[in-house]
Every structure is written in structure tokens, then in C-alpha cells.
Amino acid sequence: MDAPEAGKPPVLSAEIFVIPLEANRFLVYAPLRRAAFVGNAGVVNLLADLREGRTEGVKEGADSGDEALEFLRRLEIVDAGPETPPHETFADEPEPTSVTLFLTTACNLRCTYCYAAAGEGEARHMPPELARRGVDFVVGNAVRRGEDHFEVNFHGGGEPARNWPTLTETLAYARRQAEAHGLNLTAYIATNAVFSKMQLDWVVANLDGASVSCDGLPEVHDANRVTPGGKGSSASVLHTLRRFDAENFSYGIRMTVTAAAIPRLADSVEFLCANFHPGQIQAEPAYQIGRGAVAPSAETEAFVSAFREAQARARGHGQELTFSAARAGTLTRHFCAATQDLFAITPSGSVSSCYEVFDESSPRAPIFLYGAHDGEGGWRFDQEKIAFLRSQSVDRRAWCAGCFARWSCGGDCYHKALAVHGGGEFAGTERCDIIRALTKDQILTRIAEAGGVFWHEAPTDAVAVIEGCDCVSCGE
Ligand code: SF4
Ligand code: SF4
């Protein structure tokens, strides 16, 4: 930051949001500066004056010895020059080095809130040759781009382990390709973790990590995550988690919280933290879609209160509880990879950019399916659809312009926005209140952890792409 010129009026140099707290206290947040502090009405008025160019009373700047201005300069809120919003780095044609394979729509469970309504209708399975084409594509891209790594993710629609032949053959093939091309391979699975002994042995021995759907306390989990015969699945899932811990296998837990389970969220998180060692625990209100379409909404103030209590309990165990769209400090125009060229393949060979759109029968398939295999070993993409998906960034959404969470939220789940507003103008969702409440908590926590006066992280390159996806709906 340059020193202010003597006699020059101070200039506001940050996008500022003022969030009222209690009793004449305000949270002042400059997301693009990664800066925040708690101030009084005086500093808020000063910022308003600067924003409106009313600088008569403050124009002497540094020479006046004005402490408030000096403080604002230190946080790059004043006289720091233009800000840099997160940039985008899309190639013309998608060149992914990560492939997600929706291996099957079949499932061994019938969870009451399943977004995919898995197990209903005729099951579709991905053949191994189609999965190999996906692997070939990302391997070719990694080689062409000079990268040393590619990634294979096994995912639903249903439970990926229900298409065991394709799962195991594809991994073996990917390993051979990695070796042949001198590349590193990482392979993950999103799973309900109800495995046979043979499957569990294989997962631990062969994969790099797993995202496990588990709702916490056995009675909470078993209320919704049941077999086709209606039997709870927690005994199997907890057995898997114990094995993962015993083997130091890397995994995260993804909790789906129904309205009925909100009062038990803190106890469920406590149970998981006290008994297991996941790398991450994420809690999301149940998405009202699929079998959960008619369930009462869990996107409520009660969820926020329960999340706060659960977060406090998790921290007591040295663990952080996460919610996908609250991520203060992250700078992005996008919530997830759905608008950033996610390369996911349906069992029939379409290319999807959304974990929610795992086959051609999805109501939103026309939006999220943007390519297909070309019948000759390659893939063709619809450039118009790609351009449309990429354009769904938070900076182009009028409703989000005044929201302090926008540069970290990235506009939240686009699939959810479509489910709520159809193709119409976005006008917020119930999740927005959760996002803002929990993002505000994170900012206040950062201030507290930084000594209690302000938070300001050294400027870094703005992040354009969210790696991986904490999808809101992947509670398989
Ligand atoms: S977060 Fe939403 S838009 Fe992104 S992949 Fe998941 S369902 Fe699709
Ligand atoms: S209005 Fe909602 S979707 Fe938009 S940035 Fe804010 S919290 Fe995210």
C-alpha cells in the first residue's frame, strides 16, 4: 500500500458491508480485502462520508493523525488503490483432469430424503468401457497440460459400490494409465458406507478417501437411512467408520439434517467427534427434492441455532463443523463446480456439471447436461450450454449484489436456485439466511482469533475455482 499523499483527501478503496450487531456495534466487512472489524456508529458514519465523497472534515488524512483513518488504511479499506475481484480462468474447451463417474442409480438403502430417489425405477449402470473413456480423457488432458496428477471420483445417483465390477475395473485401469504416463492418481468415493467385508477391505486398500453419509447418533441416522426392508443402517456405517479409523483411512462425514433431527444435531456431532476421527464433518439441511420433496423445511432459524451449538461442541473436540456455503475468507464467483466445467459422466454417457443431475431423466438435465461421448473414444461439448453455465456467477446476479456473503458464497447451489425460482430472476432462498448467519459467525471468530480488534489476511491471489465440491445434495 502506498503512503497517502499529504493534503489529499482519503479515498475509500474497498467494497464495504456494514452488518448491525447489538447496542451501537457494527461488523464492518471488506471481503475483497479479507478484512473486518467491529466498530461503532462513528466509524460507520466516517465510511459513509468517504463513500459519498464527503471528505471536508477528514481531508487532511494521515497528516491529521486521525486514528480511524490510519486504522482503515492498515486494513486497505482506505487509500489502497483498486481491489481485485476473483478472476476466472476458463479454457475454451473444457480440459478437466478430474472425472466423476455416476456409476449407478441402484442403491442398497432407501433413505427417506434421498435427492435421487435411488432404488426407484429401473436401475442404470455404467459399463466399464464408458468409465475408461472418461479416464482416458482426463489422463490425456493431464499429459497435454503438463500436469502430474489426475483424479477419479466414484459417485451416485445411487450407491457407487452397487456397480462393483465397473468400480474396481475402472480403478485398476486408471492405475495402469497413471503408471504408463508417469502421473499420480487420487481416487475417492461418495458412499453410504454400507459395505460387505470384501468391499470394505478393498476400499481401504485401494482408495485415497471417502465422503460418508452419516447422520450422527444411531437413532437419528436410523430414522431416515434405512434398507429397503426399513431396517436402520447405522450399525454397518459405524462399523465402516471404526475400520477407517483403525486403518488411518482418510474420510469426511456428510450429515443431512431433517427438520425433525435439528434438535439432535449437537448431540449427533458430539457423538461423531467423541467416537470417530473424520477429517471433516459437514452438516446440511435436507434438500426438499426426490423423496424429501414433501418433508418440512429444515432451512430454518432453528437449524442455525442448532448448528452453532453443534459447532461449539465440535470445537471442544478440536474439530470444525462446516456448512457448504459459509466460507468467509474464500474469494470466488462460483459456489461449486457446476458452473465451472465439472466433468461428471452419467451411466448412459452424458456429461453433467451437477451432482444432482446424474441421468437424462432429471428435470434439469437440459441445463446441466452439456456433452456426451462421441462414439469414437472422445467427448463432444455443447459450447452454448458451457457458456451459459459459466455465466451463472455471483457477480452477474442482481439479487446478490448487496449481500455481504457474496464473494464467499458464490451464489450458492445453482440447482437449488432453479428448483426455487425456475428459470426466473433469483430472489434469494431460505438458505440465504443460514449462509449469512454462519458467515457472520465465521468473520467474528476470525476477529476474535486475530486478537479481538480486527481480522486482515495478507492479500493473496484471488481464488477462482473451488476445488472439489461440498455439494448441498450429496446425502446419498
Ligand atoms: S451444489 Fe448444487 S449446483 Fe453444485 S453440484 Fe451440488 S446440486 Fe449441483
Ligand atoms: S443472496 Fe444468498 S445466494 Fe446470494 S450471495 Fe447472498 S447468501 Fe449467497
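Student: Which domains does the domain assignment of the protein chain give?

Tutor: Domain 1 covers 1-83 and domain 2 covers 98-381. These bounds come from an automatic or database domain assignment. Taken over C-alpha atoms, the centres of domain 1 and domain 2 are 44 Å apart. This is a predicted model, in which local features need pLDDT of at least 70, side-chain atom pairs count only at pLDDT 80 or more, and totals for chains, interfaces and linings use all residues. Residues are numbered from 1 along each chain as its sequence is written, chains are lettered from A and ligands numbered from 1 in the order in which they are written, and side-chain values use heavy atoms, leaving out hydrogens and water.

Student: What makes a set of residues a nonpolar core?

Tutor: Its members are buried Ala, Val, Leu, Ile, Met, Phe, Trp, Tyr and Cys residues, joined through side-chain atoms within 4.5 Å. Buried means under 20% relative accessible area, with a 1.4 Å probe and protein chains only. The largest core has 127 residues, and Phe 150, Phe 154, Phe 244, Leu 265 and Phe 343 are those with the most contacts inside it. Domain 1 and domain 2 each give this core at least three residues. A second, separate core has 19 residues, including Phe 26 and Leu 72.

Student: Why is one space called a cavity and another a pocket?

Tutor: Both are found on a 1 Å grid over the protein atoms alone: in a cavity a 1.4 Å probe fits but cannot get out, whereas a pocket is an open set with protein on both sides within 12 Å along at least five of seven lines. Seven cavities of 30 Å³ or more turn up in the whole structure. The largest cavity has a volume of about 100 Å³. Thirteen residues line this cavity, with Cys 400, Cys 403, Cys 409, Cys 432 and Arg 436 closest to its centre. Lining residues have an atom within 4 Å of a point, so each of these residues meets that test.

Student: How many residues line the second largest pocket?

Tutor: There are 22, with Gln 311, Glu 320, Leu 321, Ala 326 and Gln 442 nearest its centre. This pocket has a volume of about 480 Å³. Helix 14 gives the most to its lining, six residues.

Terms used
Grid points are joined across faces, edges and corners, and a volume is the space filled by probe spheres set on the points. Helices (H or I, at least four residues) and strands (E, at least two) are DSSP runs, numbered from the N terminus. Buried means under 20% relative accessible area, exposed over 50%, partly exposed in between (1.4 Å probe, protein chains only).
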